[in-house]
Amino acid sequence: MDKKAEELLVKIRELIKEEGIANMSRIEDREQLINEFILPALDRSKDIQKDLYSDFTHQSSGLLSKVKRTIITKLANITRNVVEKSFMRQQKFNNNTKLLLEHLVEENKMLRDKIEKIEQNG
């Protein structure tokens with residue numbers, strides 16, 4: 001592995017230790033980890049295709065510019081067609097994962113409340 005990559009990993013591990021995330025073993029800590037880090041990260045990964053369609057050609061005039069823009073646009077369209085299907089699969093997977101995780105968190109919370117009520121009554 002590259003020396004810079006190893007240094008970055010060491011710094012990240014130190015930061016995680018300082019933040020106290022590495023030692024999250026209690027149930028409350030796991031819930032906090034899911035709610036504060038995992039769900040927002042999945043939420044931000046909703047639209048992974050947006051950069052695929054950004055216009056990256058310069059709008060200048062002239063014959064050479066028009067030819068270049070036409071060629072680049074055709075290459076971009078071919079690339080988009082090739083990459084789009086895998087991006088769509090990944091985006092669908094991300095959306096389903098987030099939805100499932102949100103459902104599981106809600107169900108877990110509901111079950112914990114039921115257990116707490118049973119323990120108070122019994």
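I began at Leu-63, which sits in helix α3, residues 63-121. Helices here are DSSP runs of H or I with at least four residues, strands are runs of E with at least two, and both are numbered from the N terminus. This is a predicted model, in which local features need pLDDT of at least 70 and side-chain atom pairs count only at pLDDT 80 or more, while totals for chains, interfaces and linings use all residues. Residues are numbered from 1 along each chain as its sequence is written, and side-chain values use heavy atoms, with hydrogens and water left out.

**Entry 1: overall make-up**

I looked up the elements and found three helices and zero strands, in the order α-α-α along the sequence. I then checked confidence (pLDDT, the predictor's score for each residue, from 0 to 100). The protein averages 82, and 89% of the residues score at least 70. Among the elements, helix α2 (residues 27-44) has the lowest mean pLDDT, 80, and α3 the highest, 89.

I noted that 11% of the 122 residues count as buried. The classes are buried under 20% relative accessible area, exposed over 50%, and partly exposed in between, with a 1.4 Å probe and protein chains only.

**Entry 2: start of helix α3**

I returned to Leu-63 and found it exposed, because its relative accessibility is 68%.

Ala-76 is buried at 9% relative accessible area. Its C-alpha atom is 9.5 Å from that of Asp-55, 21 residues away along the chain.

**Entry 3: salt bridges**

I counted three salt bridges, taking a side-chain nitrogen of Lys or Arg within 4 Å of a carboxyl oxygen of Asp or Glu.

Arg-112 and Glu-31 pair at 2.8 Å, N to O. Arg-112 is in helix α3 and Glu-31 in helix α2, 81 residues apart. Arg-112 is partly exposed at 31%, and Glu-31 is partly exposed at 31%.

Asp-43 and Lys-98 pair with their closest N and O atoms 3.8 Å apart. Asp-43 lies in helix α2 and Lys-98 in helix α3, so this pair ties together parts 55 residues apart in sequence. Asp-43 is partly exposed at 36%, whereas Lys-98 is buried at 12%. Beyond its neighbours within four places in sequence, Lys-98 contacts Leu-39, Leu-42 and Asp-43.

Lys-98 also bridges to Glu-102, with closest N and O atoms 2.4 Å apart. The two are separated by about one helical turn because they are four residues apart in helix α3. Glu-102 is partly exposed at 31%. I logged Asp-43, Lys-98 and Glu-102 as a network of salt bridges.

**Entry 4: record check**

I looked up UniProt, where an unreviewed entry places a "coiled-coil region" at residues 94-121. UniProt positions are in the numbering used here, feature names are shortened, and annotations may be inferred rather than shown by experiment. In the model, residues 94-121 are 100% helix and 0% strand, with end C-alpha atoms 41 Å apart.

Key:
Contact means heavy atoms within 4.5 Å.
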